[in-house]
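The exercises below ask you to read a structure step by step, and each one is followed by a worked solution. Please try each task on your own before reading on.

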Amino acid sequence: MREARGTVHKFGDNIDTDVIIPARYLASSEPEELAKHCMEDIDKDFIKKVKPGDIIVANKNFGCGSSREHAPIAIKAAGVSCVIAETFARIFYRNAIDIGLPIVACPEAAQNIKEGDQVFVDFETGLITDETTGLTFQSQAFPPFMQQLIDAGGLIPYINSKN
Amino acid sequence: MGMTMTQKILAKGAGLASVTAGQLIEADLDLVLGNDITAPVAIKEMDKFKTEGVFDKDKIALVPDHFVPAKDIKSAENCKCVREFAKRNKITNYFEVGQMGIEHALLPESGLVSPGDVIIGADSHTCTYGALGAFSTGVGSTDMAAGMATGKAWFRVPEAICFRLRGELQPRVSGKDVILHIIGEIGVDGALYQSMEFAGSGVAALSMDDRFTISNMAIEAGGKNGIFPVDEKTLAYEKEHGAEVDESKIFAPDDDAEYVRVIDIDLSKIRPTVAFPHLPENARTLDEIPEITIDQVVIGSCTNGRIQDLRQAADILKGRHVAEGVRVIVIPATNKIYLQAMEEGLIRIFLEAGAVVSTPTCGPCLGGYMGILAAGERCVSTTNRNFVGRMGDTTSEIYLASPATAAASAIAGKIADPTAC
Ligand code: SF4
């Protein structure tokens, strides 16, 4: 995936993995099943509102808490094309990259983009455009190693391609 | 420029003479861990590799502990998946019900963690093993799968915060109070992407169980790992539990190691501390809280289900009875701890005080089973997360505390100061 365009769903600070996908649903690891409960404990209507391609924008420390890969899997399976936040919790960051959910850390964008805005993200350049307000934000491009990982489609295809 | 303890371990693991913060490296793994929630996802991912099998059947640990003994059919299927995978790949360190315990108490106890090891676990509290001078960190299931297949993982070499400890803890104050105090000071993202390195004269006075508790909650400050220097207590612990110690893997930070921050902590000043809902950073000392009545107390988890924790709780519950209307659930973290508690008479103390004692399991810690909270209920818990809905209904409240504070609160029926008992 090289770009994302969609409507923004806005969240606050410290969105933890327990609200992204509550543990009571962890007995399943099926993406479709997990997607049904994505964000349920913080916004029970999220899954009804979200459309394929939509973008989540949040403030600091998005994805803090457990190492459950079920969290980025649930977000990806719910149709979300990209998560933008001021900062990400490190295990969530790692997991998202590993499973091929593009995520972009950009404090300026996270602070200025509003609920319902239409946003375009170019992953190659790191440029984020809020098409509703016309504002643009420059995020840091991925280091080469991570870019290779993303280009390969995640960690496993990347390892396979090396062998 | 000098290296921190974590950087030295990572350099060794990557076969490099030195590393610097920010560098991306690939390191050899000494142990790869998974549980009944994360391993099934990893096992499914394993099928996608071109290569077959695991890199080393002795360097993988599989511990079904979250929903075990299986709480429902889906959990049973997950356990079956892990069990069959372990059998197929002849995994040495698979722990069935009867030998198992909560992973982060079980692995050190089983002698599987040595100083200087590089360990990944598909569980965020894998950082616990830093107490033994190992580099260990939580990852997701895909990283676990790649680790099992290749024996390697990629890491970004972290910057570090140095916590310089001095003095000694007061009676009935423990490692939990220290780490809640620290998270209260720096916040839940205070150590984001960084290692938390503990140092100073105060380390020597901390028991191993205190150190495990402190390292365990590094993740609650956003940390990549939380690591202690190796001293006589570490070596005595390793000897007692049959772990191999390789002298060349015992590292101390260089004198000129670079830290982004140095934080001084006088352990003698730490007071019993409770983290209020719904974040571990909402830490307050017991001197500054209003009256808070409670419905339930949980004493257990990878944070505080070890023998010292049970002893401290029993010391307060002995000869007393829990308050009317309060449910107290005690969960020894492993079978061995359970047995030891039995032999020391602690189980009797708990039962006579009106508590229940469960088989080792994560259970209520993550809202799995064995003590789920109803709407509006309040729980004092020795676990590590008090997020919205973590233990049950989204309107329930979790107050994180030490075993001593939890026991004192159980008797009082409200959050209470253990030093006043
Ligand atoms: S006891 Fe709680 S925090 Fe520890 S491994 Fe189990 S669920 Fe995770």
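**Exercise 1.** Which domains does the domain assignment of chain B give?

*Solution.* Begin by noting that this is a predicted model. The assignment divides chain B into domain 1, made of the two segments 5-244 + 251-266, and domain 2, which covers 277-420. As a next step, take the centres of these two domains over their C-alpha atoms, and you will find that 24 Å separate them.

**Exercise 2.** Work out where the ligand sits and what surrounds it.

*Solution.* The space that the ligand takes is the largest cavity. Around the ligand there are 13 residues, of which H125(B), C302(B), C362(B), C365(B) and N384(B) are the closest. Among the helices of chain B, α4 (103-109) and α9 (301-304) each supply at least two residues of the shell.

**Exercise 3.** How many residues does each chain bring to the contact between chain B and chain A, and what area is buried there?

*Solution.* Chain B brings 48 residues to the contact and chain A brings 42 residues. The area buried between the chains is about 3700 Å², with carbon and sulfur atoms giving 58% of it. Within chain B, the residues that lose the most area to chain A are T142(B), W154(B) and Y193(B), which together account for 18% of what that side buries.

**Exercise 4.** Locate the cis peptide bonds described by their omega values, and then a residue with positive phi.

*Solution.* One cis peptide bond joins V68(B) and P69(B), with omega about -5°, and P69(B) belongs to the loop between β3 (60-63) and α3 (73-88) of chain B. Another joins P277(B) and H278(B), with omega about 0°, and H278(B) is found in the loop between β12 (273-275) and β13 (283-285) of chain B. Finally, N14(A) has a positive phi of about 50° although it is not a glycine, and N14(A) lies in the loop between β1 (3-10) and α1 (17-20) of chain A.

Definitions and conventions
Residues numbered from 1 in each chain as written. Chains lettered and ligands numbered in written order. Predicted model: local features only at pLDDT ≥ 70, side-chain atom pairs only at ≥ 80, totals over all residues. Heavy atoms only, no water. Near = heavy atom within 4 Å. 1 Å grid on protein atoms, 1.4 Å probe; cavity = no way out; pocket = protein on both sides within 12 Å on 5 of 7 lines; lining within 4 Å. Sits in = over half its atoms within 2 Å of the grid points. Helix = DSSP H or I, 4+ residues; strand = E, 2+ residues; numbered from the N terminus. Domains from an automatic or database assignment. Contact = heavy atoms within 4.5 Å. Buried area = accessible area lost by both parts, 1.4 Å probe.
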